[in-house]
Every structure is written in structure tokens, then in C-alpha cells.
Amino acid sequence: MTSHVLSQLRSLEAESIHIIREVVAEMQRPCLLFSGGKDSIVMLHLAAKAFAPARIPFPIMHVDTGLNFPSVLETRDRWVERLGVQLVVASVPEAIERGLVQEEPNGSRNRIQTPVLLEAAEKNGFDALFGGGRRDEEKARAKERVFSFRDDFGQWDPKNQRPEVWDLYNGRVHQGESIRVFPLSNWTELDIWAYIEAEEIDLPDLYFATEREVVDRGGMLFAVNEFTPLKDGETAEVRSVRYRTVGDANLTAAVASTAATRAEIVEEVAAVRLTERGATRGDDKVSEAAMEDRKREGYF
């Protein structure tokens with residue numbers, strides 16, 4: 001007898017596609033937040049599958065901090081051209097120039113992304129924003145519902161969330177309110193990489209190990225480039241490294257690795273016990289509640 005039980009990956013894929021289609025059915029003006037990292041690329045790939053052979057029926061938005069790795073922007077543009085989707089760019093440097101936000105002393109633009117994101121969402125009338133967050137990444141993200149309600153200021157209240165029974169999602173919002181939607185909530189980093197291998201998904205070359213010039217800062221390996229030049233007294237070294245997550249180039253560290261193919265990365269990720277954000281994101285080390293504080297203000 002033929003078995004019709006879906007594999008773990010195909011079950012996750014089906015769930016995510018169902019969520020994406022549900023949002024398009026319920027909401028007026030959805031948009032997919034696209035960073036050019038592995039999770040948002042998988043989410044975009046799933047959206048393309050959800051509506052094939054038609055085009056994706058909503059735009060994608062990149063909140064551009066001006067501190068992106070060049071290969072991330074190149075990969076973003078390849079996906080936009082390949083799928084024929086509309087790209088909305090919300091520019092943090094432009095917002096700084098006109099006084100909407102101010103540069104922070106520590107060089108991080110994570111917190112000041114939020115007003116830029118909220119302004120772009122309001123300007124374009126987006127009432128639902130797809131985000132690539134997963135519950136295994138970080139404590140605050142583990143609290144999120146799949147449909148995460150935001151008030152008319154774009155803020156999130158972790159103590160006031162709607163129940164989600166099985167796969168029934170409530171997309172009702174009042175004027176000015178919106179939702180963030182996380183189709184990858186139930187995926188893990190290992191699931192993401194297994195899916196990337198199975199589907200042969202195009203990613204920035206940063207994810208694959210090669211020899212790079214890096215500097216060790218407090219146990220974190222930062223690439224030496226225009227965003228992270230050497231400081232007085234520092235010495236660079238060439239090591240085989242790769243990136244587990246992609247954020248701003250001045251705050252995202254690499255990890256020592258020889259995994260240069262998708263299959264090798266799947267093996268490597270299966271053995272690690274520290275999340276990618278905990279291992280490599282300097283912006284999450286401000287405090288234990290750094291991510292939750294940003295999400296309360298309207299962050300992804």
C-alpha cells in the first residue's frame with residue numbers, strides 16, 4: 001500500500017503555503033519583508049510555490065540600513081528579477097538625512113529601522129507584513145503567534161495575543177491596525193537548511209565557508225571590510241569561516257567552519273547547540289530583552 005504521509009519538510013512546506021494563502025485571502029494589502037537572508041529567501045520561495053504558475057500577488061519590502069553585505073543586495077536583485085516581483089525599498093540612510101531618525105552612537109541601525117519600517121508600511125497601506133522569524137531563534141520570537149497583532153502604532157503587546165486553535169487564524173483588524181505573519185514559525189535552522197538543500201535554493205555566498213580576513217572581537221569573528229575596519233592594536237587573520245545569519249555588516253559575525261556546500265552545512269547545523277542569532281549577532285547582546293524591546297516598538 002502506498003503511503004501518503006508527508007515528510008517533515010513537506011509538512012512544514014504545506015503549512016507555510018497554507019498560511020501565505022490565508023493571508024492573501026483575508027487581508028487587503030499584504031507585503032513580504034525581505035532581508036536577503038536565508039529565512040526571507042525560503043519564505044519568498046514558498047510564496048512563489050503558493051501561487052505558481054501565477055506571479056506572487058504582493059510586493060516585497062527591504063528595509064535598507066545602508067550597511068548591507070554587497071552579496072546580499074546582489075542576491076536580492078537576482079530574486080526580484082527572476083520572480084518579477086515589485087520591490088519596495090525603505091531606506092534608513094535617507095530617513096537619517098531628512099531627520100526621521102538619528103544615528104545611534106554604537107553604530108547599530110537596528111533600532112532606528114523601526115520608524116522607517118512603520119512609515120513605509122503606512123505610506124503603502126500594508127495591513128499584513130510577512131516576516132521570516134522562527135520560534136527557535138530567540139526568546140521573544142518564541143512568544144509570537146503566527147498571526148501577530150499590532151496596534152495602530154505598530155506596537156506588539158506580548159501579553160495581549162489572540163488564540164490560534166489548530167490552523168485557524170484571525171486576521172480581523174480595525175482601521176490603523178495590522179498584523180505580522182510568520183509562516184516559518186515552526187521551522188528550525190536545521191529544517192531551513194535541509195529545505196534549501198532539497199530545493200537547491202539560491203543564497204548569498206556569505207553562507208558558505210571560504211577563507212576570509214577576520215578579526216576576533218570578544219570571541220566573535222568579524223570580517224575586515226569597509227564597515228568593520230581594524231581598530232588600533234587589532235590584528236587580522238585569514239580563517240575559513242561562514243555566516244549563519246546575515247544582518248548589518250558591522251554587527252554580524254562569522255563562525256569558524258569548513259562547510260562549503262549545502263549538504264555540509266546541514267551536517268554542521270545538526271551538531272550545533274547555539275542559535276545563529278546567539279552565536280553571531282552583536283546587536284542581540286545589548287541585553288537579554290533587546291529583541292523583545294525592539295518588537296514592542298514595532299520591529300519585525
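## Helices H2 and H7

H2 and H7 cross with a left-handed sense (the near helix is turned anticlockwise from the far one by less than a right angle; clockwise would be right-handed). Helices here (H or I, at least four residues) and strands (E, at least two) are DSSP runs, numbered from the N terminus. This is a predicted model, in which local features need pLDDT of at least 70 and side-chain atom pairs count only at pLDDT 80 or more, while totals for chains, interfaces and linings use all residues. Residues are numbered from 1 along each chain as its sequence is written, and side-chain values use heavy atoms, with hydrogens and water left out.

H2 spans residues 38–51 and H7 residues 189–199; their axes lie 11 Å apart at an angle of about 55 degrees. Axes are lines fitted to C-alpha atoms, for helices over the stretch in contact, and angles run from 0 to 180 degrees between N-to-C directions. H2 is therefore oblique to H7 (under 35 degrees is roughly parallel, over 145 roughly antiparallel, 65 to 115 roughly perpendicular, the rest oblique).

From H2, Lys 38, Asp 39, Val 42, His 45, Leu 46 and Lys 49 meet Glu 189, Ile 192, Trp 193, Tyr 195, Ile 196 and Glu 199 of H7. Contact means heavy atoms within 4.5 Å. By class, this contact has six nonpolar, one polar and five charged residues (Ala, Val, Leu, Ile, Met, Phe, Trp, Tyr, Cys and Pro count as nonpolar; Asp, Glu, Lys and Arg as charged; the others, Gly among them, as polar).

## Helices H1 and H2

H1 covers residues 8–26. Its axis comes within 9 Å of that of H2, and the two cross at roughly 70 degrees. H1 and H2 are therefore roughly perpendicular. The H1 side of the contact includes Ile 17, Ile 20 and Val 24; the H2 side includes Met 43, Leu 46 and Phe 51. Its residues divide into eight nonpolar, one polar and four charged.

## Arg 244

Arg 244 sits in the loop between E9 (237–242) and E10 (255–256). Arg 244 is buried, at 6% relative accessible area (buried is under 20%, exposed over 50%, partly exposed in between; 1.4 Å probe, protein chains only). Its side chain makes a polar contact of 2.7 Å with the side chain of Glu 189 (N or O atoms within 3.5 Å; within protein, one must be able to donate a hydrogen and the other to accept it, and residues adjacent in sequence count only if both atoms are side-chain atoms).

## Backbone features

A cis peptide bond joins Ala 52 and Pro 53, with omega about 10 degrees. Glu 200, not a glycine, has a positive phi of about 50 degrees. Glu 200 is exposed, at 62%.
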